[in-house]
Amino acid sequence: MKEQDLNVFRQLLKCDDVMIVVHRNPDGDALGSAFALLHLLKQRGKRAWVVSHDRIDRNLRFLAEGEEELLSSSLPGTIVSVDVATRELFGSSLSYYADFVDYNIDHHYTNPEYAKYNIVYPDYSSTGEVLFGLIDGCGIALDRYLAEHLYGAISFDTGCFRYSNTTAQTHRVAARLLECGINASEINRKLFDIVSLTQLKMENEALHAVKQYHNGHITLLAISQQMLRDCGATEEDVAGMVSMIRRIEGTIVGATLKEMPDGNVRVSLRACDDLFDVSAVAAIFGGGGHVKAAGCLMKCSLKDAEKNLLSAIEAQWRETYAPDHVFE
Ligand SMILES: [Mn+2]
């Protein structure tokens, strides 16, 4: 951690009326990090609150003090974004604030550093790991609440320490958090294991819709509103489906396309190879993310989205691999 960033963080902890913003469809990293920061500010007697454009997924609510919705209640004196790669990810209901961000704490390498103060560490697994670095670097003692939320954040973004963003440092940080006496297995069970029966039924339904291209190296799954209705499922029930896609043998690039109630299509992209950059594909459609995990919103029909996404992946494919490339 750069000394300059530690000073910026110390300065942040002195602010009052702090609104902490997470990205659209907040994930475990965003929520764990946001609530850890909230806790630090409250400990210091500051007024602070977390806001989210979208509802909080059931399995992540334990990182958000059980809340289902995080709405803005009053005017902020200071605005902090946490795990928010771009301004657009504030979501329409919070977009007004996106031009006035004071502190931006993140780990996405595509982050254009849109705030007055930017603490962005692209080599870190998660915003949770960045926040740990700041807390530890400032000599702030960890308590159980902080440890649970930071652990949840880091575990979520590393897929329970399985993804390639997991480094030796990530494990060292996790070890420090475990030493605080947290129940890591319970946190991981909530994050990764527990699913509703509807969710399992939806997965079963979705498997029939999986399409493979390019000798099975490109795997796409388009989920329509009709499919959700047929299973009695909601958006929430298909949240983890992209990780299911990447498990299919042969998949190098996996994507899920979810038709939203408003007709737009939300796309999640994953790469299972060190060379293919899915964030470049997401960027074509105004999205962003990481080399191996990215997303975008496509404003067209599900059918067109599938066609256009496949073309974009194929173009990126030709740019990435030589014709005789051999996959491990
Ligand atoms: Mn993250």
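How many residues of domain 1 are in contact with how many residues of domain 2? In this predicted model, 9 residues of domain 1 are in contact with 8 residues of domain 2. The legends below start from this contact and go on to single elements.

**View 1. The two domains and the contact between them.** The domain assignment divides the chain into domain 1, residues 3-192, and domain 2, residues 197-320. Their C-alpha centres are 26 Å apart. The contact itself involves 9 residues of domain 1 and 8 residues of domain 2. On the domain 1 side, the touching residues comprise 2 nonpolar, 5 polar and 2 charged residues.

**View 2. Helix H2 and its surroundings.** Helix H2 covers residues 28-43 and has 16 residues. The distance from its first C-alpha to its last is 22 Å, close to the 22 Å expected at 1.5 Å a residue. Of the 16 residues of H2, 13 are buried, so the helix is largely enclosed by the rest of the structure. Glycine 45 follows H2 and has a positive phi, near 75°.

**View 3. The largest nonpolar core.** In soluble globular proteins, nonpolar side chains tend to be buried together. The largest nonpolar core here has 58 residues. Those that touch the most other members are Ile20, Val21, Ala34, Leu37, Val80, Val82 and Leu150. H2 gives the most to this core, with 9 residues. Leaving aside residues up to four places away in sequence, isoleucine 20 touches Ala34, Leu37, Leu38, Ala48, Trp49, Val50, Val80 and Val82.

View 4. Helix H3 spans residues 127-137. Because 9 of its 11 residues are buried, H3 is largely enclosed by the rest of the structure. The buried residues of H3 are Thr127, Gly128, Glu129, Val130, Leu131, Phe132, Gly133, Leu134 and Ile135. Just after H3 comes glycine 139, with a positive phi of about 70°.

View 5. Most residues other than glycine have a negative phi. Aspartate 83 is not a glycine, yet its phi is positive, about 70°. Aspartate 83 sits in the loop between strand E3 (78-82) and strand E4 (103-106). It counts as buried because it has 30 C-beta neighbours inside 10 Å, and 20 or more are needed for that class. Asparagine 215 also has a positive phi, about 55°, although it is not a glycine. Its place is the loop between E6 and E7. Asparagine 215 has 9 C-beta neighbours inside 10 Å, so it counts as exposed; the limit for that class is 12 or fewer.

**View 6. The open sheet and its E6 edge.** Six strands form an open sheet in the order E6-E7-E8-E9-E11-E10, and the pairing is mixed. Strand E6 (211-213) and strand E10 (288-289) stand at the edges. Each has a single partner strand, so one side of each is left without a neighbour in the sheet. E6 pairs with strand E7, residues 218-223, in the antiparallel sense over 3 bridges. Within this pair, glutamine 212 has threonine 219 in E7 as its bridge partner.

**View 7. Strand E11 and its two partners.** Strand E9 (residues 265-271) is joined to E11 by 6 bridges, and the two run antiparallel. Valine 265 has methionine 298 in E11 as its bridge partner. E10 and E11 are also antiparallel, joined by 2 bridges. Here glycine 288 stands opposite glycine 295 in E11. E10 and E11 form a hairpin, with 3 residues between them.

**View 8. Glutamate 235 and methionine 298.** Glutamate 235 lies in the loop between helix H8 (225-231) and helix H9 (241-245). With 18 other C-beta atoms within 10 Å, glutamate 235 is partly exposed. Glutamate 235 and methionine 298 are 63 residues apart along the chain, and their C-alpha atoms are separated by 16 Å.

Note on methods:
Residues numbered from 1 in each chain as written. Predicted model: local features only at pLDDT ≥ 70, side-chain atom pairs only at ≥ 80, totals over all residues. Domains from an automatic or database assignment. Contact = placed C-beta atoms within 7 Å. Nonpolar A, V, L, I, M, F, W, Y, C, P; charged D, E, K, R; others polar. Helix = DSSP H or I, 4+ residues; strand = E, 2+ residues; numbered from the N terminus. Expected span 1.5 Å × (residues − 1). Core = buried A, V, L, I, M, F, W, Y, C linked by C-beta atoms within 7 Å. Pairing = 2+ DSSP bridges.
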